Amino acid sequence: MTILDKIIRQKEIEVELLKKQPLPEFSGAAKSIKKIEHSFHNTQQMNVIAEIKRSSPSKGEIDMAVDPVKQAKLYESCGAGAISVLTDETFFNGSMEDLRNVRKAVDLPILCKDFMIDPIQIDHAKAAGASIILLIVAALSDNKLQELFEYATHQGIEVLCEVHDANEMTRAIELGATIIGINNRNLKTFEVDLSATEQLASMVKNPDTILISESGIKSRDDVIQVGKEDINGILVGETLMRSNNIAALFNELKIPITKGGIPNAR
Ligand SMILES: O=P(O)(O)OC[C@@H](O)[C@@H](O)c1c[nH]c2ccccc12
């Protein structure tokens, strides 16, 4: 059994529990949160989705003592385009409470980073104030993927559709995903290879599709490598969580881009 299988098993248990609970009231103030589908287009610098991640199955403890609100405010002041909050408790030590607290503190789009297998999780993410959810193609059948994609989209929640190989990329494109995340980490083996972005990005022919390179990005050189493709943004967790100079790191990562990538169009 892969780690992804284990996580999905745990999610099945959690979903049954969620179905027995009342849905918490929507906690976000009546702010209108920008859609990254629009805001990540035609920017002059690489968009950064900055993640709050206490620990992970592959890296163990990263920063167990982090204050998510302080961290999110810091990300916002340094120019993050969106905040990703890991809400999985069992494997990542996160919580929906973290997301709820971050929503109260920042006006940026917030990604609920979790393993979605049922619409009820989307309800809870929305109630906590998420504006984007993650759908991991590797973890879902085509039917489930479509059901969850439509459920979220109809409620005005954006979907980051995550892929790791050519087959998953084809499925994401056929789904009509407008925001596609290429995960450089294989969730079944934890292997990280930045060339995943280079290999898969060129499969996307629609210039309106937002492309995000996810995982394993540590330096400007890494951004330049994944940015050879026409990507619109990067998703960075561990490197930001371990940094003691987040402002300087943002300056390093936010390389200038033209038309969503360096150097040329798709
Ligand atoms: O910490 P990193 O290597 O910068 O990676 C961030 C993010 O891409 C990673 O946390 C992630 C990508 N896809 C996921 C799916 C579930 C949990 C976590 C993830």
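Two strands are said to pair if DSSP finds at least two bridges between them. The structure is a predicted model, in which local features need pLDDT of at least 70 and side-chain atom pairs count only at pLDDT 80 or more, while totals for chains, interfaces and linings use all residues. Residues are numbered from 1 along each chain as its sequence is written.

Strand E6 (residues 132–136) is joined to strand E7 by 5 bridges, and the two run parallel. In this pairing Ile132 stands opposite Glu158 of E7. Between E6 and E7 the chain passes through helix H6 (residues 142–154), and this β-α-β crossover is right-handed; that is, with the strands pointing away from the viewer, the path from the first strand over the helix to the second runs clockwise. E6 is also joined, by 2 bridges, to strand E5 (residues 110–113), again in parallel. Here Leu111 is opposite Ile132. The chain goes from E5 to E6 by way of helix H5 (residues 119–128), in a β-α-β crossover that is right-handed.

Of the 5 residues of E6, 5 are buried, a residue being buried if 20 or more other C-beta atoms lie within 10 Å of its own, exposed if 12 or fewer, and partly exposed in between, with C-beta atoms placed from the backbone. In a regular strand the side chains alternate between the two faces of the sheet. In E6, Ile132, Leu134 and Ile136 point one way, and Ile133 and Leu135 point the other way.

Val163 belongs to strand E7 (residues 158–163). Val163 is classed as buried because 24 C-beta neighbours lie inside 10 Å. Leaving aside neighbours within four places in sequence, its contacts (C-beta atoms, placed from the backbone, within 7 Å) include Val137, Met169, Ile180 and Leu200. The C-alpha atoms of Val163 and Ala196 are 9.6 Å apart, although 33 residues separate the two along the chain.

In helix H3 (residues 68–77), the buried residues are Pro68, Gln71, Ala72 and Tyr75. These residues lie on the same side of H3 because they cover an arc of only 95° around the axis, the arc being that of the directions from the helix axis to the C-beta atoms. The exposed residues Lys70 and Ser77 are on the face turned away from the buried side. Strand E1 (47–52), strand E4 (82–86) and helix H4 (96–105) are among the elements covering the buried residues of H3.

Conventions. Helices (H or I, at least four residues) and strands (E, at least two) are DSSP runs, numbered from the N terminus. Two residues are in contact if their C-beta atoms, placed from the backbone, lie within 7 Å.
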